[in-house]
Amino acid sequence: MAMATNENLPPNVIKQLAKELKSLDESPPEGIKVGVNDDDFSTIFADIEGPAGTPYENGVFRMKLLLSRDFPHSPPKGFFLTKIFHPNIATNGEICVNTLKKDWNPSLGLRHVLIVVRCLLIEPFPESALNEQAGKMLLENYEEYARHARLYTGIHALKPKPKFKSGAISESTTVLNVDQSNASLLKVDQKNQATAAAVPLPSNAAAPKGVNSQEHLTSAAPLPETGVSGSAVVSSTAAQKKELGSVKVQPDKKKMDARKKSLKRL
């Protein structure tokens, strides 16, 4: 550690702090993680997890301890950097706890201070409130106080959510793109088939060798779908003509017979 540049604290204090910080790093208190700048031990940071069963549950609150030059004879000053709704924490983040004031003892270490601060989140002391609104609400209507505290926790102190696996997202996106491409190709193929069926063959198209031109035109250009085949239409037309011819022939025959009879009478 670069202790030589720690000019704000006496060497013996720096040595003691280095020992304490190493202990906190190797065996941290429950729900507390400590961080420090090796070049300046006068400011110590800590992340405190909101205790379960409190309005601060699922939150992570960052705080700092500021050590004066005459530490440990005088207590450190504590501040919350994360906004929190709590009777003993002022709106500017200052912490009010007896351990950091009248109950301070030089033999108390950083571990004890941090544990006391976390205990404040479990059991506030509204009688010595720095946030008067929170203190009054806690005494008169705990449910309303808890609702406000949870709201602040949800807005300012929620733990970061775990990120999704990028591989899974890429894989699912690829599958989706392939499905969409297949669907697009199917639509294009169906459209081409429909277009080909709808376009009639030109009447002057040459018939293949060995195929009658009339048959070629009939097969190449189908008649509109009327439920009747082409041959049936041709047969029906011929029958209608035959019937009309027989109808005309019958009156002419009657006239000839009448004339024959009249000639016989003469």
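**View 1. H148 in helix 4.** In this predicted model, H148 sits in helix 4, which spans residues 142-156. Its relative accessible area is 19%. H148 is therefore buried, since the cut-off for that class is under 20%. Contacts of H148 beyond four places in sequence are F85, Q133 and M137.

**View 2. C96, an annotated position.** UniProt lists C96 under "active site", in an unreviewed entry. The residue lies in a loop. That loop runs between strand 4 (77-80) and helix 2. C96 has 12% relative accessibility, so it counts as buried. Setting aside neighbours within four places in sequence, C96 contacts N88, K101, L120, S128 and L130.

**View 3. H112 in helix 2.** H112 belongs to helix 2, residues 110-122. Is H112 buried or partly exposed? Its relative accessible area is 36%, so H112 is partly exposed; that class lies between 20% and 50%. H112 and T99 are 13 residues apart along the chain. Their C-alpha atoms are separated by 9.1 Å.

**View 4. The largest nonpolar core.** Nonpolar side chains tend to be buried together in soluble globular proteins. Here the largest nonpolar core holds 39 residues. L17, M63, F80 and L110 touch the most other members. Helix 1 (11-26), helix 2, helix 3 (132-140) and helix 4 (142-156) each give two or more residues to this core. So much for the helices. Strand 2 (40-49) and strand 3 (60-66) also give two or more. Which element gives the most to this core? Helix 2 does, with seven residues.

**View 5. Surroundings of L17.** L17 is among the core residues that touch the most other members. Residues up to four places away in sequence are not counted here. L17 then touches L9, F41, I44, L67, F71 and L110. L110 is another of the core residues that touch the most other members.

**View 6. Helix 1 against helix 2.** Two packed helices are described by the angle between their axes and the distance between the axes. Helix 1 and helix 2 pack at about 50°. Their axes are 9 Å apart. The angle makes helix 1 oblique to helix 2, because it falls between the limits of 35 degrees for roughly parallel and 65 degrees for roughly perpendicular. Helix 1 makes the contact through L17, E20, L21, S23 and L24. Helix 2 answers with L110, R111 and L114. What kinds of residue make up the contact? Five are nonpolar, one is polar and two are charged.

Terms used:
Residues numbered from 1 in each chain as written. Predicted model: local features only at pLDDT ≥ 70, side-chain atom pairs only at ≥ 80, totals over all residues. Heavy atoms only, no water. Helix = DSSP H or I, 4+ residues; strand = E, 2+ residues; numbered from the N terminus. Buried < 20%, exposed > 50% of the residue type's maximum accessible area, 1.4 Å probe, protein only. Core = buried A, V, L, I, M, F, W, Y, C linked by side-chain atoms within 4.5 Å. Contact = heavy atoms within 4.5 Å. Axes fitted to C-alpha atoms, helices over the stretch in contact; angles between N-to-C directions. Parallel < 35°, antiparallel > 145°, perpendicular 65-115°, else oblique. Nonpolar A, V, L, I, M, F, W, Y, C, P; charged D, E, K, R; others polar. UniProt positions renumbered as here; feature names shortened; annotations may be inferred.
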